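These are my notebook entries on one structure, kept in the order in which I looked things up.

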Amino acid sequence: MIKDLFIGLSKNQLLNQAAKKYGLRLGAQSVVAGTNLEETMKSIKELNSLGISCTVDNLGEFVFERSEAIKAKEQILKAIDMIHTNQLDAHISLKATQLGLDIDYDFCLNNLKEIVEKASNYHMFINIDMEDQSHLQPSFDILDELSKEFDNVGTVIQAYFYRAEEDLQKYKNFRLRIVKGAYKESGEHAFQEKQEIDANFIKLIKWHLLNGKFTSIATHDHRVINQIKSFVKEHKIPKEKFEFQMLYGFRKELQFGLAKEGYNFCTYVPFGEDWYGYFMRRLAERPQNLKLVASQVLNK
Ligand code: FDA
């Protein structure tokens, strides 16, 4: 029920527009690195100093105007330049809808090409985040096109989809982030029960660790992390073949702890004015995150 409420709120375009005007509010400032690139570079530098690398996401949703998609592209190109100039240990995560997938496929593909090409000159990786089911196949199609020319691009496998195992096998030679899946999907396409999703998540991670190129294990679930720690030990999987990932601001102790233990760790660092949908999806995943909201509001 609560999950549905927050997923519904995340798609509300009026609230989304209003949130852009008022800056980071409602506790979002603890899970969004900043509204501009300067603040974000500072956060990345701090994380790098703790031995943590970053994947940087210029937040944005509901892009239906070409001018907005171009603005997003320019901002991402600027982020790539700033990461390079500041010699930061960071790469980019992006969403195809922000770059025009809902406007025109070729327009979106060309925007992505420009980004991937620029990053490729700096040997920087670009991750195509995965969105809801309606954007899944077009996002894979874009990846197919890009990978004909570039090798610095990869994507995400969402374990709640029935097709996830097949996609994983098809894309095993890519650097892949494996997640449980954040959107509300129907039983026609996705597992609905938490236990089924968790079981598939672990199965896919293990398969990719044994057979794939590089695995980003993206979860805040300490039970999954502990199982994977035992698995990599048992199978002597070298640390260079995988990393753990978590979102900025969540379970910081666990993030710093894993990095200290010597695991590769990468924090997903979202930034920008368009924080609202992202923040609502985090509340949908874990209503306890409302505690963050309460503490921020009370501290005002
Ligand atoms: P989940 O929410 O299932 O919680 C499992 C258990 O972990 C909880 O019961 C609790 O014990 C513990 N736990 C979780 N969060 C906690 C917290 N904050 N504090 C204390 N304990 C906590 N999704 C998508 O569809 N497309 C994408 O591209 C991405 N990308 C992405 C990148 C990164 C870096 C991450 C971490 C996640 C994503 N996701 C995503 C989101 C992902 O699909 C998923 O919705 C969330 O990670 C929530 O699932 P978890 O596995 O983290 O734990």
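Where is the place of glutamine 87? I found glutamine 87 in the loop between helix 4 (66-85) and strand 2. The model is predicted, and I read every entry below with that in mind.

**Entry 1**
I classed glutamine 87 as exposed, because 9 other C-beta atoms lie within 10 Å. I then looked up lysine 236, which also is not a glycine and has a positive phi of about 50 degrees. Lysine 236 lies in the loop between helix 9 (222-234) and strand 7. Lysine 236 has 6 other C-beta atoms within 10 Å and is therefore exposed.

I traced a closed barrel of eight strands in the order 1-2-3-4-5-6-7-8, with parallel pairing. On average, neighbouring strands of this sheet are turned by 30 degrees against each other, direction ignored. In general, strands of a sheet pair through backbone hydrogen bonds, either parallel or antiparallel. For methionine 246, I recorded threonine 267 in strand 8 as the bridge partner.

**Entry 1. Helices across the strands.**
I found helix 8 (residues 194-211) lying across strand 4, strand 5 (175-179), strand 6 (214-218) and strand 7. Helix 8 runs at about 160 degrees to strand 5. Helix 10 (residues 252-260) lies across strand 7 and strand 8, and runs at about 145 degrees to strand 8.

**Entry 2. The shell around the ligand.**
I asked how many residues surround the ligand. The count is 21, and the closest are Asp129, Val179, Ala182, Thr219 and His220. By class, the shell divides into 10 nonpolar, five polar and six charged residues. Strand 4 (153-158) and strand 7 (242-247) each supply at least two residues of this shell. Strand 7 gives the most, with three residues.

**Entry 3. Annotated positions.**
I consulted the UniProt record, an unreviewed entry, which lists Lys95, Arg281 and Arg282 under "binding site". The "binding site" annotation of the unreviewed UniProt entry also covers Met130, Gln158, Lys180, Gly181, Ala182, Lys194, Thr219 and His220. I looked up four of these positions in turn.

Arginine 281 is found in helix 11 (residues 276-285). I classed arginine 281 as partly exposed, because 19 other C-beta atoms lie within 10 Å. Leaving aside neighbours within four places in sequence, arginine 281 is in contact with Ser10 and Ala182.

Is arginine 282 buried or exposed? Arginine 282, also found in helix 11, has 22 other C-beta atoms within 10 Å and is therefore buried. The cut-off matters here, because a residue is buried if 20 or more other C-beta atoms lie within 10 Å of its own.

Glutamine 158 lies in strand 4. I classed glutamine 158 as buried, because 26 other C-beta atoms lie within 10 Å. Not counting residues up to four places away in sequence, glutamine 158 touches Met130, Ala164, Val179 and Gly181.

Lysine 180 is found in the loop between strand 5 and helix 8. With 18 C-beta neighbours inside 10 Å, lysine 180 counts as partly exposed. Apart from neighbours within four places in sequence, lysine 180 is in contact with Ala159, Tyr160, Ile197, Phe201 and Thr219.

**Entry 4. Two further residues and their distances.**
I located aspartate 102 in the loop between strand 2 (90-94) and helix 5. Aspartate 102 has 17 other C-beta atoms within 10 Å and is therefore partly exposed. Leaving aside neighbours within four places in sequence, aspartate 102 is in contact with Val63, Phe64 and Thr97. I took one C-alpha to C-alpha separation here: aspartate 102 and lysine 45 are 57 residues apart in sequence and 34 Å apart in space.

Asparagine 110 has its place in helix 5 (residues 105-121). I recorded asparagine 110 as partly exposed, because 14 C-beta neighbours lie inside 10 Å. The C-alpha atoms of asparagine 110 and lysine 170 are separated by 24 Å, and these residues are 60 residues apart along the chain.

Conventions:
Residues are numbered from 1 along each chain as its sequence is written. This is a predicted model: local features need pLDDT of at least 70, side-chain atom pairs count only at pLDDT 80 or more; totals for chains, interfaces and linings use all residues. UniProt positions are given in the numbering used here, feature names are shortened, and annotations may be inferred rather than shown by experiment. Helices (H or I, at least four residues) and strands (E, at least two) are DSSP runs, numbered from the N terminus. A residue is buried if 20 or more other C-beta atoms lie within 10 Å of its own, exposed if 12 or fewer, and partly exposed in between; C-beta atoms are placed from the backbone. Two residues are in contact if their C-beta atoms, placed from the backbone, lie within 7 Å. A residue is near a molecule or strand if its C-beta atom, placed from the backbone, lies within 6 Å of it. Ala, Val, Leu, Ile, Met, Phe, Trp, Tyr, Cys and Pro count as nonpolar, Asp, Glu, Lys and Arg as charged, and the others, Gly among them, as polar. Two strands pair if DSSP finds at least two bridges between them. Axes are lines fitted to C-alpha atoms, for helices over the stretch in contact, and angles run from 0 to 180 degrees between N-to-C directions.
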